Amino acid sequence: MKDYKSFFFFLEGTLLKNDQLLPNVIEFIGMLRKKNKQIFYITHHPYRSKELLQLHLQQIGLEVSLHQLITPVQAIQEYLLETTEKISVYIAGSSTLAEEISKINVQLLTSATEKTYGQVYVVLCLSNHIEEQQLQDAFQLLQRGAKLILINPEFMSDVFYQNIFDTGAIGRVLTGEKAATKKDLENIAKPSVWFQQVLINIIKKQHGGAVLIGHSVKGLISIGQAIGIDTVLISRDTSYVEEIQVVRQSPTWIVETLQDLYDTYQKIELV
């Protein structure tokens, strides 16, 4: 294994399970710090701001700084800031995301009855307390020509010890065959080009090789390929073999557990 300089970890499923740290995380991250490595943490859930995510990770024993956290909020900001024209945005779901988007130069809608300017975007994002009125407002805006963006295309996600339907499920309802509106879905979370751009911007500031570490073949390989960095798949489930055959690409490295990766990397001498 190479002596990488920068490490990008997916949090959910790789370092966290049920919002708690998996075994060997503290030891592995501590070893990387001693080797003066750059460490970044990626989440595809927008239900916490960077500040709240930092606080939670610190409470469960992982010390992080804000610049180490990469969230879908950064991806949507990259996407919306691509245009210099006035745009209007309606957020259905996360109040945290709405607060963050309000910090950039867009008109943030609070209902479908407000006057809009320029292109209108409806953003669906993960929330376990999404309101019916939000879905009604989103539907009305889509019928009037708004563009639909999904933070995460997954049908279901595991959040706070329970499975909840995710934006992929909501998107299917709003754009299904029997819906009055037909819209192409744009996904701005992993592995979208905007999320990739966030990673690229960070990598450009680093010196030396980078590696992306996760437990999901599809997201891991697509992002790794797109931004040109090595990947490490952590999985005991051999079903990844079939997934690799489907995408026709393999991770750079495959290990069963974080402990295996820790043991391997611990042996690498500092350059």
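A salt bridge here is a side-chain nitrogen of Lys or Arg within 4 Å of a carboxyl oxygen of Asp or Glu. With that in hand, here are my notes.

1. By this rule, the count comes to four salt bridges. The model is a predicted one, in which local features need pLDDT of at least 70 and side-chain atom pairs count only at pLDDT 80 or more, while totals for chains, interfaces and linings use all residues. Residues are numbered from 1 along each chain as its sequence is written, and side-chain values use heavy atoms, with hydrogens and water left out.

2. Have a look at aspartate 230 and lysine 2, which form a salt bridge with their closest N and O atoms 3.1 Å apart. This pair links distant parts of the chain, 228 residues apart: aspartate 230 lies in strand 14 (residues 230-234), and lysine 2 in the segment before strand 1 (6-10). Strands are DSSP runs of E with at least two residues, helices are runs of H or I with at least four, and both are numbered from the N terminus.

3. Are the two partners buried or exposed? Buried means under 20% relative accessible area, exposed over 50%, and partly exposed in between (1.4 Å probe, protein chains only). Aspartate 230 is buried, at 18%, and lysine 2 is partly exposed, at 47%.

4. Aspartate 3 is buried, with a relative accessible area of 19%, whereas lysine 5 is partly exposed at 31%.

5. Which other residue pairs with aspartate 3? Lysine 37 does, with the closest N and O atoms 2.8 Å apart. Lysine 37 sits in the loop between helix 1 (25-34) and strand 4 (38-42), 34 residues from aspartate 3. Lysine 37 counts as buried, at 9% relative accessibility. Through shared partners, salt bridges join Asp3, Lys5 and Lys37 into one network.

6. Now for a helix pair. Helix 7 (residues 193-204) and helix 8 (residues 217-227) pack at an angle of about 55°, with their axes 10 Å apart. Helix 7 is therefore oblique to helix 8; angles under 35 degrees count as roughly parallel, over 145 as roughly antiparallel, 65 to 115 as roughly perpendicular and the rest as oblique.

7. Contact means heavy atoms within 4.5 Å. Phe195, Gln196, Leu199, Ile200 and Ile203 in helix 7 meet Ser222, Ile223, Ala226 and Ile227 in helix 8.

Definitions and conventions
Axes are lines fitted to C-alpha atoms, for helices over the stretch in contact, and angles run from 0 to 180 degrees between N-to-C directions.
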